[in-house]
Amino acid sequence: MAPPKGPSGKSDVKAQATKAAKALKGNAHIKKKTRKMRTSVTFHRPKTLKRARVPKYPRLSAPHRQRLDHYEVLKYPLTTESAMKKIEDNNTLVFIVDVRADKKKIKDAVKKMYDIQTKKVNTLITPKGQKKAYVRLAADYDALDVANKIGII
Amino acid sequence: MAKIKVHELRAKSKADLQTQLRDLKAELALLRVSKVTGGALNKLSKIKVVRLSIAQVLTVLSQTQKAHLRTAFKNKRLPLDLRPKKTRAIRRRLTKHQASMKTVKQKKKDTYFPKRKYALKA
């Protein structure tokens, strides 16, 4: 980009020079790169930009249907003598429950299937590998009535 | 309950199928309770029938859903469960087209020097 010759050429060069000088004046601190001030001895990973995923294609064509629904959680109620005792004395129902179910799921399942409120749920895994749930009903529900309604008298 | 026929199920809508599924599952729960409390023989034998019908309803549901998804994803990059499953090794093989590709040099050679077959006169 040689400047054009002639009287206009000289002013062109001068214009370029003044422009460069002005730029340098403004960025005086670029000449010397200062170090960042460190106030701590440890170096922590600097936080960088995290972008959200924008997949080009979904990995699963459709989300799976619910894998452990209410009907699958509760398998069947127990009708052993000790279970009967629990119904009468402690206002609790005893269920055999799917092993993958947790107490929250059991609570929801019992509420949905039999319309009862539970006070607490205790679970254990039997030596046979099944999960047993002791479902203590709330005070305003009678375990005996519910048991009659379910069919385990 | 009448015996479930699958071709009738295929005619039903998705909502219908799902309500039917719920009813069947509720019935199965009752049957399981009766199994524990020493139920009648006709109830116990019904368990197998109900389990089969639940499976049939679920099969019809998932088959129709997959069919619709395939038409929805036509001419687009397929999600992994719609791609052919075959086996892992087969999926990693060269495609037929890839395996049959030749260099231009090789193609010319084949054109100008094809494999000749000769026959000997007895």
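User: What makes A:Ile150 count as being in contact with residues beyond its neighbours within four places in sequence?

Analyst: Contact means that heavy atoms lie within 4.5 Å. By that rule, and with those sequence neighbours left aside, A:Ile150 touches A:Pro77, A:Leu93, A:Phe95 and A:Tyr114, and also B:Val33 in chain B. Please keep in mind that this is a predicted model, in which local features need pLDDT of at least 70, side-chain atom pairs count only at pLDDT 80 or more, and totals for chains, interfaces and linings use all residues. Residues are numbered from 1 along each chain as its sequence is written, chains are lettered from A and ligands numbered from 1 in the order in which they are written, and side-chain values use heavy atoms, with hydrogens and water left out.

User: Which residues touch the most other members of the largest nonpolar core, and what makes it a core?

Analyst: A nonpolar core is a set of buried Ala, Val, Leu, Ile, Met, Phe, Trp, Tyr and Cys residues joined through side-chain atoms within 4.5 Å. The largest one here has 24 residues, and those touching the most other members are A:Leu74, A:Leu93, A:Phe95, A:Ile106, A:Val110, A:Val135 and A:Ile150. In chain A, two or more residues each come from helix H3 (81–90), strand S2 (92–97), helix H4 (103–114), strand S4 (131–137) and helix H5 (143–150). Another core lies apart from it, with 14 residues, among them B:Leu21, B:Leu24, B:Leu58 and B:Val60.

User: Why is A:Ile106 called buried?

Analyst: Buried means under 20% relative accessible area, exposed means over 50%, and partly exposed is in between (1.4 Å probe, protein chains only). The value for A:Ile106 is 0%, so this residue is buried.

User: Where is A:Ile106, and what does it contact beyond four places in sequence?

Analyst: A:Ile106 sits in helix H4 of chain A. Its partners beyond four places in sequence are A:Val73, A:Leu74, A:Val97, A:Ala101, A:Val121, A:Thr123, A:Ala133 and A:Val135. As for A:Leu24, 82 residues away along the chain, its C-alpha atom is separated from that of A:Ile106 by 73 Å.

User: How do you know that the buried residues of H3(A) line one face of the helix?

Analyst: The buried residues include A:Ala83, A:Met84 and A:Ile87. Looking down the axis of H3(A), the buried residues fall within an arc of 105° (taken from the directions from the helix axis to the C-beta atoms), so they line one face.

User: How many helices and strands does chain A have, and what makes a stretch count as one?

Analyst: Both are DSSP runs, numbered from the N terminus: helices are H or I with at least four residues, and strands are E with at least two. Chain A has 5 helices and 4 strands, in the order α-α-β-α-β-α-β-β-α along the sequence.

User: How much of chain A counts as buried?

Analyst: Of its 153 residues, 27% are buried. Among chain A contacts between residues at least 6 apart in sequence, 55% join residues at least 24 apart.
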